[in-house]
Amino acid sequence: MYSNNVKFTSDVLFSVKNNKLLDPIGDAMKTFSGRTILKNGYVVDPKNNVESVKDIAMVNGVIVDVADDIPCDKDDRTVDCEGFLVVPGLIDVHIHLGDLFEISTDPIGCAARAGVTMGLSPGAGNTYMAPALLAAEVDRGLPINLGVYLGAANVMGTQCTKEELIKYFRGELSEKDVFSKITRTAITGSTGNVIIGIKEHMGHFLITDEQVDEIYDICNEAKMVFLSHTQDPEHCERIVGLSKGRPVHLGHATAGGTGNDEAYAKESMQRIVDQVKQNKECTAEFVSSNLRPSRGHRECLIMGKAAQQVAYDALADKTVDIVISDGHGDATMKGYGDSRDNVPAILELAELGILSLKDSVATMTANPAAHLAKRTANPWFDKVGNLGVGSMGNVTVISRENKLPMYVFVNGEMVSFENRSIRCGNGAGGWISRFGMTRRPGIGDLTMYKYGK
Ligand SMILES: [Zn+2]
Ligand SMILES: [Zn+2]
């Protein structure tokens with residue numbers, strides 16, 4: 001006989017009784033406190049040095065309480081997290097979200113389901129139009145906080161001098177100059193500078209040493225991330241050499257350890273790691289797929305075991321402390337990673353003993369948040385990547401057995417459950433730039449509403 005452990009509960013579900021519609025959740029929402037409480041999860045919050053069973057309460061998108069036991073009021077909403085790992089919402093500072101012409105796939109939803117609560121998209125082709133095009137999607141409703149890097153070649157494709165571009169990114173270039181030297185489009189001119197950084201991308205375009213030098217100055221003066229496309233060690237050494245002490249972040253650095261020649265891949269990975277060791281303002285990130293013992297998603301570049309060991313050593317001695325996916329859900333081009341490898345990679349780095357669980361969780365939470373706070377000189381980023389009171393309600397709840405996110409919260413809203421999207425979380429995300437988060441960029445509904453007078 002069929003039986004079901006969910007009781008017949010007309011006190012919770014809407015139902016018909018005595019020819020009347022009962023609406024218990026509708027009634028409860030009339031007195032809803034606004035508090036969502038995550039109960040009894042095993043909280044790992046590296047920044048606040050927490051690793052124990054705790055409750056977490058969120059209101060209006062912000063964490064308001066973390067304690068051993070938060071008593072629940074009948075007007076609260078609770079989520080049972082017993083047996084699950086509760087970590088700060090994953091921050092993926094290199095993930096392709098909508099910038100690779102994915103028409104038939106859903107990389108943004110996939111990333112949210114994979115536990116990513118903030119993603120920064122570095123498409124090589126991102127032009128000054130990219131912030132408007134993607135931020136319009138935030139207005140239309142996305143389940144993730146996202147932002148973009150512009151492609152370096154596109155940044156240089158204007159009639160501006162370097163000094164003028166620095167002014168543009170600081171919002172100090174005159175309107176006349178913006179619309180005569182950069183673009184004739186009002187939306188592009190107004191929003192093209194609301195970004196997190198610039199990506200130098202020799203995989204797709206080749207720029208001169210002089211242009212690289214100018215991009216360094218622009219990023220340094222306008223407090224933006226300089227992200228480099230890292231693959232062959234010669235190019236990496238060139239780019240780091242040109243930095244002359246200015247900050248440089250080596251994107252998908254484990255790509256340097258891929259390729260068919262295992263001995264060369266190992267040497268190449270070592271040369272790239274050495275650049276980070278030898279240059280104080282040089283940081284790097286590793287691709288989650290490359291770090292998995294299985295080498296993860298097979299669409300990604302496959303790393304040799306010897307090169308992988310070099311990457312493990314660099315993580316263990318803290319030379320590199322940021323993990324990214326370089327992903328999207330369903331790759332359209334060979335070589336990208338996959339956001340679905342993030343959670344397994346974090347768990348496996350701890351299982352292998354390469355990092356403690358806390359340090360492993362930090363590679364996609366506290367560490368990328370600290371990196372962004374430092375490079376943008378913006379303390380807003382201290383409010384992400386951790387679960388402290390006052391931080392954003394971004395939380396990833398993980399089943400260690402399944403290596404899957406069970407619940408994902410973005411700005412206090414649940415956006416996925418057991419790897420399934422929850423549609424009412426679709427509007428939870430905001431736009432990320434070096435200024436922090438903007439909830440409503442205004443582009444997606446520009447022609448629909450008029451605000452104010
Ligand atoms: Zn790249
Ligand atoms: Zn990439």
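Two strands are said to pair if DSSP finds at least two bridges between them. By that criterion, strand S11, residues 197-200, pairs with strand S12 in the parallel sense, over 4 bridges. Please bear in mind, colleagues, that the model before us is predicted.

Let me stay with S12, which spans residues 225-229. On one flank, Phe226 of S12 is the bridge partner of Ile198. Strand S13, residues 248-251, also runs parallel to S12, and 3 bridges join the two. There, Leu227 has His249 of S13 as its bridge partner.

S11, helix H8 (residues 209-221) and S12 form a right-handed β-α-β unit. A right-handed β-α-β unit is likewise made by S12, helix H9 (residues 233-243) and S13.

Is S12 mostly covered or uncovered? It is mostly covered, with 5 of its 5 residues buried. In a regular strand, side chains alternate between the two faces of the sheet. In S12, Val225, Leu227 and His229 lie on one side, Phe226 and Ser228 lie on the other, and all of these are buried.

I turn now to the nonpolar core. The largest one has 125 residues, and Val86 and Ile198 are those with the most contacts inside it. At least three residues of this core come from each of two domains: domain 1 (32-88 + 390-423) and domain 2 (92-383).

Finally, which residues does Val86 contact, leaving aside its neighbours within four places in sequence? They are Leu38, Gly41, Tyr42, Val43, Ile56, Cys81, Val395 and Val397. Ile198, with Val86 one of the residues with the most contacts inside the core, is the residue whose bridge partner in S12 is Phe226.

Terms used:
Residues are numbered from 1 along each chain as its sequence is written. Chains are lettered from A and ligands numbered from 1 in the order in which they are written. This is a predicted model: local features need pLDDT of at least 70, side-chain atom pairs count only at pLDDT 80 or more; totals for chains, interfaces and linings use all residues. A nonpolar core is a set of buried Ala, Val, Leu, Ile, Met, Phe, Trp, Tyr and Cys residues joined through C-beta atoms within 7 Å. A residue is buried if 20 or more other C-beta atoms lie within 10 Å of its own, exposed if 12 or fewer, and partly exposed in between; C-beta atoms are placed from the backbone. Domain bounds come from an automatic or database domain assignment. Two residues are in contact if their C-beta atoms, placed from the backbone, lie within 7 Å. A crossover is right-handed if, with the strands pointing away from the viewer, the path from the first strand over the helix to the second runs clockwise.
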